Amino acid sequence: MALGAWVLRALAFFHRTGPLGYPMDYDEGVYFSAASLLLRGDLPYRDFIFVHPPGALLLWAPGAALTLGLDAATAYGVARYLAVTVGALCVFLAGRVAWRAWGPLAGCVAALTYAAYPEAVLVERGTFLEPLLNVLCLGFANLWLASDTPSRARRIGAGVLIGLAVSVKLPGGLWLVAALLARPWKESWRDTLTLALIAFATFVVVVAPLAALAPTEFFRDVIAFQALRPADGEPDRWVRLHDIFHERRLGGVVLALVGLGTACVQALRAPTPGRPAARFFATSFVLTVALFLASRTYWNQYNAHLAASEAVLAGLGASALHAFSLRWGRVASRAAAGVALVAALLPGAWHAFQSSKLQAPDVVALARYLRTDVPSNACLFSFEPGWALAAGRLPQGATPVVDVYATMIQDSMSTGDRFDDTAEAFTAPEAQQALRVMLESCRFVVLGWRGTWQLTPESRPWFKQRFVRRFPTGDAGGVDVWERRAP
């Protein structure tokens, strides 16, 4: 199943244009560019804004290290295959933990649910945070929820993995909270406290070296930014709830809800070998949903992290339905197992397959133009780092701007003002002034739809007075390149 999941994800790269022909999201360009700059001596927080802990930069470093010897675009193509491999590993881990807790059917259903989870498939085609977060959290669950009493080495390993998860993205801490609230019945509070201390020590070891070099900037970027940032994405909580339980993965959602109900029922009964796992995944699932509903910012790609707990709960739900069907005989139980397996796979697998057909011909054409018509030593500023990355370019300058979006929001909040949403923050004079400074420093600018969005109606005339459109020619649409006008 893990191999099938790998193929389902990698199908997007089996085109004439290769892995770089598949659309690149803003976030994956930020994370890969930041990891590449880190290996070159440009440090997050000190030299450029990065609004997450540095764990992801270190874990994606093997792929980013290829930029030291290869073209950055080629290196990123390889990194996309690494992300696919991480996704396949997540499928294996989800199936393994469910199999050990509730049996083969639960394991197969959990693996299929994760493999076909549309949001997980999308992010596991690139260097996002969620693939790393999921593989670390599921690895932690496999160690922490061992059927027998965990050894000391296993406890330490579990603490290290969950500490690394928090160093990738702070919501990873919810799985540690779930472990504290739903500890296995053989675990003492002393063992649980040891887990938390190991996790904290791991987090400190990963974060402290970079945070200590710029403590004020680290607090501003990672803590203050996430706490005070203006709202973005989907603001309506009911729409969010619909997206969390979307019909594009109807079978998995229904099975997960059955699994959640089963976990609640088991909590009121005598202890069973599978109850700690049920309690743990139900707790992590509920906490994650609550976070998504409470957060000021929500995009549906965040659901990719929900896949880890939802898939395992789907396995529990399938096991419960199969056990219930046994009262009607072997034929009924086999039919129930078959229905559960099909429900786990559909309709999510169809949506995942359809997404593999997506292509970005305008970015491919842009990359070709940048390689042939823009001097390699000329300063190039791109509103999306992925657009420049497709042409083998990384952010440039003494203080490179990796995340334009976060940089503008930080600048807008620098005076202490607070904004209702991101669009309002971008109109603040501080955000536009800083953006103009960035634009003034480079000869070429890749504008695209994002640049048009982030420039205010007042800034767009200023930009067009100083830059001339070079690509594409005429009135053709797509991502466009502008060059500074001759003085």
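Predicted model: local features only at pLDDT ≥ 70, side-chain atom pairs only at ≥ 80, totals over all residues.

Reader: Why is α5 called roughly parallel to α8?

Author: Helix α5 (residues 72-102) and helix α8 (residues 129-144) pack at an angle of about 25°, with their axes 9 Å apart. Angles under 35 degrees count as roughly parallel, over 145 as roughly antiparallel, 65 to 115 as roughly perpendicular and the rest as oblique; α5 is therefore roughly parallel to α8. The axes are lines fitted to C-alpha atoms, for helices over the stretch in contact, and the angles run from 0 to 180 degrees between N-to-C directions. The helices themselves are DSSP runs (H or I, at least four residues), as are strands (E, at least two), numbered from the N terminus.

Reader: Which residues of α5 and α8 make the contact?

Author: Among them are Val86, Leu89 and Leu93 of α5, and Leu132, Val135 and Leu138 of α8. Contact here means heavy atoms within 4.5 Å. By class, this contact of α5 with α8 has 11 nonpolar, 3 polar and 2 charged residues. Ala, Val, Leu, Ile, Met, Phe, Trp, Tyr, Cys and Pro count as nonpolar, Asp, Glu, Lys and Arg as charged, and the others, Gly among them, as polar.

Reader: What makes α14 oblique to α17?

Author: The axes of helix α14 (residues 250-267) and helix α17 (residues 330-345) come within 6 Å and cross at roughly 120°. That angle makes α14 oblique to α17. The contact is formed by Gly251, Gly252 and Leu255 of α14 with Ala340, Ala343 and Ala344 of α17. Its residues comprise 4 nonpolar, 2 polar and no charged ones.

Reader: Why does Arg450 count as buried?

Author: Buried means under 20% relative accessible area, exposed over 50%, and partly exposed in between (1.4 Å probe, protein chains only). Arg450 has 9% relative accessibility and therefore counts as buried. Arg450 lies in helix α24 (residues 448-454). Not counting residues up to four places away in sequence, Arg450 touches Tyr26, Phe383, Glu384, Trp387 and Tyr405.

Reader: Is Tyr45 buried or exposed?

Author: Tyr45 has a relative accessible area of 2%, so Tyr45 is buried. Tyr45 is found in the loop between α2 (26-39) and α3 (55-59). Although Tyr45 is not a glycine, its phi is positive, at about 75°.

Reader: How many residues are in the largest nonpolar core, and which have the most contacts inside it?

Author: The largest nonpolar core has 147 residues, and Leu138, Phe280 and Phe281 have the most contacts inside it. Helix α5 gives the most to this core, with 13 residues. Such a core is a set of buried Ala, Val, Leu, Ile, Met, Phe, Trp, Tyr and Cys residues joined through side-chain atoms within 4.5 Å.

Reader: What is the peptide bond from Leu346 to Pro347?

Author: The bond from Leu346 to Pro347 is cis, with omega near 0°. Pro347 is placed in the loop between α17 and α18 (348-355). A cis peptide bond also joins Phe471 and Pro472, with omega about -10°.

Conventions
Residues numbered from 1 in each chain as written. Heavy atoms only, no water.
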